[in-house]
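Thanks for coming, everyone. I have one model to go through today, and I will keep it short.

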Amino acid sequence: MKVALAQISPHLGDLEKNLDLHLGTIEKARRKKAGLVIFPELSLTGYTLMDLVPEVALEPARHPVFRKLAAASRSIDLVLGFVEERGKGLFYNSAAYLSGGRIIHIHRKAFLPTGGMFEEAKFFAPGRNFRTFTTSFGKAGLMVCRDFLSYGAGYLLFAGGADLIIVISAAPGRGMTARNAFATSRMWELMGEAISYFSTAFVVYCNRVGFEDGKAFAGGSFIFGPSGRRLVKAPEAEEDLVLADLRLEDIRAARKRWTFLRDDRPEVILRSLQRIVRDHED
Amino acid sequence: MKINAPFAEKVLCAFIREELHKFGFRKGIIGLSGGLDSSVCAALAARALGRKNVLGMILPYKDTYGKDVEDARGLARKLGIRTRLLDISPMVDAYFSRCPTEDQVRIGNKMARERMSILYDHSVLEKALILGTSNKTELLIGYGTIHGDMACAINPLGDLYKSQVRALGAHLRLPARILKKTPTAGLWPGQTDEDEIGISYSEIDAILYELIDERRPAKEVMASGFKREAVEKIEALVVSSEFKRKMPPIAKISARTVGHDFLYSYDRNR
């Protein structure tokens with residue numbers, strides 16, 4: 001299975017330009033024989049939207065932009081980010097998986113970073129679910145950016161039997177070090193390595209690049225194999241289309257070696273969580 | 001505090017290129033003082049935009065800063081960028097002949113704003129955006145003239161402390177004379193920031209790094225070995241210069257107000 005990570009720089013607030021950027025990139029990935037192309041968080045709209053949120057929000061089931069993307073998904077699977085409107089006036093920072101001409105899954109970002117340079121909860125409603133779904137490559141799960149930094153969320157996709165954990169991101173680079181990368185890039189890779197190793201699944205992370213209001217999005221997209229080995233890493237802070245071959249049989253090989261999935265006890269976790277939630281005191 | 005200079009160069013060049021191109025500009029314009037910050041900014045701009053797309057404006061007051069003008073010209077030659085030299089003394093003197101003063105701060109501020117006014121005029125003339133050169137140290141302690149040298153379209157250096165700008169300058173192979181220069185606001189000849197504040201720049205940067213980047217309380221910073229007076233002085237400068245880092249407050253009386261809850265990004269629809 002060949003995966004393409006589209007490390008792009010979307011145009012802030014311009015759906016039409018971004019649709020063209022998507023269709024062009026999809027075509028490039030298709031020509032390189034990729035079976036799945038992944039775009040970053042809010043790839044159809046740009047990230048620093050603030051009061052633009054309602055202006056770029058769409059209902060995917062009936063929007064012409066999604067009709068065109070769905071048509072493109074007849075020849076290659078797609079993951080992309082957009083502002084989803086539900087129930088007239090509820091806006092979500094969402095990720096969609098499209099395949100065979102239709103949307104097969106939508107994940108709504110549950111952990112909305114709000115604090116410091118982030119203010120997502122001012123503009124978005126939080127999602128409430130982490131579910132796996134079936135693709136032609138196996139069971140997959142989606143996360144959006146900050147979701148991935150919650151190891152509880154990673155556990156839910158693992159417990160749901162994910163073979164492929166797909167994370168789309170718009171993570172700004174922060175902190176200079178002596179390394180040839182932003183300090184924060186290490187944090188994402190650390191989680192990628194840990195989650196891929198302990199969930200015996202592929203972890204695919206696609207981050208955007210470009211600048212919005214001076215923030216540099218860090219890029220550095222990567223894929224880890226199911227035994228924690230890094231398969232590919234895109235450069236920091238520059239556009240790229242990275243391709244990698246994923247040997248799906250590696251999942252089985254990893255699970256023969258490490259029986260984390262077989263040994264999981266979700267009912268114990270659930271019971272403990274119920275107690276923790278019940279006894280929780282502020 | 002340590003930076004990877006090649007990585008910083010890559011990010012800052014991308015920033016300069018992308019911000020200008022998003023707004024439909026190819027050219028950048030920089031006030032060249034012959035000092036470290038404007039030299040680093042010019043070197044980055046030349047790499048980001050191509051040397052023909054950078055204009056260095058050398059704006060001395062008479063021949064008060066003779067060597068600095070030579071340094072600015074020498075740097076421009078080395079970088080291969082265009083320059084224009086304009087003596088600002090006729091404009092500044094015309095004003096002070098009507099409002100005479102001996103106050104060097106007033107005179108220095110007027111010069112900084114005269115240069116700003118010329119840069120903005122040339123920005124239109126040249127269809128170029130102004131690249132700011134205020135570094136993080138200056139922005140935090142308020143060592144800049146508001147609407148003067150602080151005025152710009154974009155600022156590539158504003159998140160680098162002075163010592164980090166110097167490290168970047170060394171990586172960019174700036175002339176040794178420029179790398180060794182003593183930081184000055186240039187308000188009057190011979191002025192140096194360090195003399196005025198009474199603390200060395202390396203110490204100012206180290207204290208700011210602890211207070212700002214590490215968010216450590218002043219007491220902890222003092223306990224870790226910095227002099228009490230130095231920490232207190234730096235903290236007071238940061239607090240008292242907050243107004244220079246903000247847009248002026250707008251009295252909110254309507255339902256949706258610029259600067260309060262009319263919330264759009266600078267890069268909206270670009």
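First, the conventions. This is a predicted model, in which local features need pLDDT of at least 70 and side-chain atom pairs count only at pLDDT 80 or more, while totals for chains, interfaces and linings use all residues. Residues are numbered from 1 along each chain as its sequence is written, and chains are lettered from A and ligands numbered from 1 in the order in which they are written.

Start with the two chains. In chain A, 20 residues are in contact with 21 residues of chain B; contact is defined by C-beta atoms, placed from the backbone, that lie within 7 Å. The side of chain A that touches chain B comprises 9 nonpolar, 6 polar and 5 charged residues. For those classes, Ala, Val, Leu, Ile, Met, Phe, Trp, Tyr, Cys and Pro count as nonpolar, Asp, Glu, Lys and Arg as charged, and the others, Gly among them, as polar.

Now chain B by itself. It is divided into domain 1, 5–182, and domain 2, 196–245, with bounds from an automatic or database domain assignment. Over C-alpha atoms, the centres of domain 1 and domain 2 of chain B are 26 Å apart. Their contact involves 11 residues from domain 1 of chain B and 14 residues from domain 2 of chain B. Which elements give two or more residues to the domain 1 side? In chain B, they are helix 6 (136–141) and helix 7 (162–171). Helix 6 of chain B gives the most to that side, with 4 residues. By class, the domain 1 side has 6 nonpolar, 4 polar and 1 charged. Helices here are DSSP runs of H or I with at least four residues, strands are runs of E with at least two, and both are numbered from the N terminus.

Next, the core. The largest nonpolar core has 144 residues, and those with the most contacts inside it are Ile38(A), Ile165(A), Val204(A), Ala42(B) and Ala45(B). A nonpolar core is a set of buried Ala, Val, Leu, Ile, Met, Phe, Trp, Tyr and Cys residues joined through C-beta atoms within 7 Å. Buried means 20 or more other C-beta atoms within 10 Å of the residue's own, exposed means 12 or fewer, and partly exposed is in between, with C-beta atoms placed from the backbone. Helix 2 of chain B, residues 36–49, gives the most to this core, with 10 residues. Domains 1 and 2 of chain B both give residues to this core, so it lies between them. As for Ile38(A), leaving aside neighbours within four places in sequence, its contacts include Val3(A), Leu5(A), Val79(A) and Val204(A).

On to helix 3 of chain B, residues 66–79. Its 14 residues reach 20 Å from first C-alpha to last, close to the 20 Å expected at 1.5 Å a residue; the expected span is 1.5 Å times one less than the number of residues.

Helix 10 of chain B has 13 residues and spans 17 Å from first C-alpha to last, close to the 18 Å expected at 1.5 Å a residue. Among its buried residues are Ile204(B), Asp205(B) and Glu210(B). Ala206(B), also in helix 10, counts as buried because it has 21 C-beta neighbours inside 10 Å. The cover over the buried residues of this helix includes helix 6, helix 7 and helix 12 (228–240) of chain B.

Last, the loops. Lys33(A) has a positive phi near 70 degrees in a residue other than glycine, and it sits in the loop between helix 1 (15–31) and strand 2 (36–38) of chain A. With 11 C-beta neighbours inside 10 Å, Lys33(A) counts as exposed. Ala237(A) also has a positive phi, near 55 degrees, but is buried, with 23 other C-beta atoms within 10 Å.

Definitions and conventions
Contact = placed C-beta atoms within 7 Å.
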